[in-house]
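Please keep the model open while reading.

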Amino acid sequence: MTAAQPPVSVVIATCDRPGKLERAVRAVLAQDYAGSVQCLVVYDGVEVRPLAVDVPPGRELVHLANARTKGLPGGRNTGCDAATGELLAFCDDDDCWQPDKLRRQVEALRADPDGTAVTCGVRLAGPGIDRDRPGPTRPVTLDDLLADRIMEVHPSTLLVPRSTVAAAGPVDEDIPGGYAEDYEWLLRIAALGPIAVVPAPLVVVEWHGGSFFFGRWTTIVEALRYLLDRHPEFARSKHGTARIRGQIAFALAASGRRREALRELRTVARLNPAEKRIAATMPVLAGLVSGERVLALAQSRGRGV
């Protein structure tokens with residue numbers, strides 16, 4: 001970083017959720033960070049709506065329309081194209097930063113000038129859940145992310161130097177449906193070097209037990225197969241490959257594609273007999289429960305499938 005308090009640009013891509021969006025923007029603008037902060041709100045598929053929020057000195061609020069591919073990846077890339085900060089961050093429009101997030105993360109990057117990025121912990125908050133997940137206590141490597149999609153390395157937690165963004169490339173706008181676009185981008189960032197961690201819950205993630213992709217099983221299958229093709233390094237992680245193919249098997253079973261699901265499960269069992277998605281998929285295959293029900297149960301406990 002070239003300055004003690006480098007300017008930061010924060011991209012919030014949104015379909016416009018009044019109330020939640022304003023809350024997210026206010027939290028970005030209210031950071032106790034001494035450097036300048038630019039907040040770019042990118043509207044995707046809806047009219048640009050200037051927000052009635054106070055903009056303190058040293059802060060800038062920019063409203064944009066998605067000028068790239070419709071969807072979250074295009075919205076995030078539109079914001080990155082217009083950003084002026086030396087450091088870049090994303091925030092989902094229903095998440096909320098704690099006031100000290102940027103300050104503590106910039107301090108972590110300053111302690112490691114060659115760091116590729118820095119993340120932090122999260123607090124899951126929603127109906128029936130209020131749980132801190134502080135995150136890893138050491139830097140996160142590519143091998144870590146191949147083995148496990150670490151929840152705390154979340155789009156709303158990451159702070160990334162521009163040099164890392166330039167080397168990793170933009171968010172992938174070709175991944176089917178935009179599903180897992182954040183994970184795919186993280187793999188490219190981690191391939192450049194370890195991601196530092198501030199092990200404190202500095203982002204409140206709204207956990208409402210639902211998702212834009214809830215029940216969109218075909219999109220999930222296509223996106224996860226795309227992910228495996230795009231990242232051949234999964235071949236060095238049996239557990240990571242079993243995890244992704246277990247998710248594919250579950251989505252196939254949930255969509256009624258039983259033969260394909262069974263083929264995937266056999267591969268998963270060879271790679272990792274203890275993979276938990278085998279047990280999650282079998283009752284769906286047997287018709288004992290729907291995929292939506294299993295997923296809803298997992299999400300009620302702050303997890304996915």
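Arg 225 is partly exposed, with a relative accessible area of 31%. The classes are these: buried is under 20% relative accessible area, exposed is over 50%, and partly exposed lies in between (1.4 Å probe, protein chains only). The side chain of Arg 225 meets that of Glu 260 in a salt bridge, at 4.0 Å from N to O. Arg 225 sits in helix H7 (residues 217-230) and Glu 260 in helix H9 (residues 258-271), so this pair ties together parts that are 35 residues apart in sequence. Glu 260 counts as partly exposed too, at 23% relative accessibility. A salt bridge here is a side-chain nitrogen of Lys or Arg within 4 Å of a carboxyl oxygen of Asp or Glu. Helices (H or I, at least four residues) and strands (E, at least two) are DSSP runs, numbered from the N terminus.

Glu 264 pairs with Arg 245 in a salt bridge of 2.8 Å, N to O. Glu 264 lies in helix H9 and Arg 245 in helix H8 (residues 238-254), so the pair ties together parts 19 residues apart in sequence. Which partner is buried? Glu 264 counts as buried, at 8% relative accessibility. Arg 245 counts as partly exposed, at 25%. A network of salt bridges links Arg 225, Arg 245, Arg 257, Glu 260 and Glu 264.

## Basis of the model

This is a predicted model: local features need pLDDT of at least 70, side-chain atom pairs count only at pLDDT 80 or more, and totals for chains, interfaces and linings use all residues. Residues are numbered from 1 along each chain as its sequence is written, and side-chain values use heavy atoms, with hydrogens and water left out.

The salt-bridge count comes to 27. One of them joins Arg 49 and Asp 16, with the closest N and O atoms 2.8 Å apart. The pair links distant parts of the chain, 33 residues apart. Arg 49 is in the loop between strand E2 (37-43) and strand E3 (59-65). Asp 16 is in the loop between E1 and helix H1 (20-29). Arg 49 is partly exposed, with a relative accessible area of 25%.

The domain assignment gives domain 1 (8-206) and domain 2 (217-300). Such bounds come from an automatic or database domain assignment. The C-alpha centres of the two domains lie 28 Å apart. In all, 17 residues of domain 1 are in contact with 16 residues of domain 2. Contact means heavy atoms within 4.5 Å. About 1,500 Å² is buried between the domains, and carbon and sulfur atoms give 64% of that area. Leu 146, Pro 176 and Tyr 179 supply 38% of the area that domain 1 buries against domain 2, more than any other three residues. Buried area is the accessible area (1.4 Å probe) that two parts lose on being put together, summed over both.

Charge also features here. The count between domain 1 and domain 2 is 3 salt bridges. Arg 236 and Asp 143 meet in a salt bridge through their side chains, at 2.9 Å from N to O. On the side of domain 1 that touches domain 2, helix H4 (142-147) and helix H6 (181-190) each supply at least two residues. H4 gives the most to that side, with 5 residues. The residues of that side divide into 9 nonpolar, 1 polar and 7 charged. Ala, Val, Leu, Ile, Met, Phe, Trp, Tyr, Cys and Pro count as nonpolar, Asp, Glu, Lys and Arg as charged, and the others, Gly among them, as polar.

## Ser 156, a buried polar site

Ser 156 is in the loop between H4 and strand E8 (159-161). Its relative accessible area is 0%, and Ser 156 is buried. The side chain of Ser 156 reaches the backbone nitrogen of Asp 92 at 2.9 Å. That side chain also makes a polar contact with the side chain of Asp 95, at 2.7 Å. A polar contact is a pair of N or O atoms within 3.5 Å; within protein, one must be able to donate a hydrogen and the other to accept it, and residues adjacent in sequence count only if both atoms are side-chain atoms. Beyond its neighbours within four places in sequence, Ser 156 is in contact with residues including Phe 90, Cys 91, Trp 97 and Val 203.
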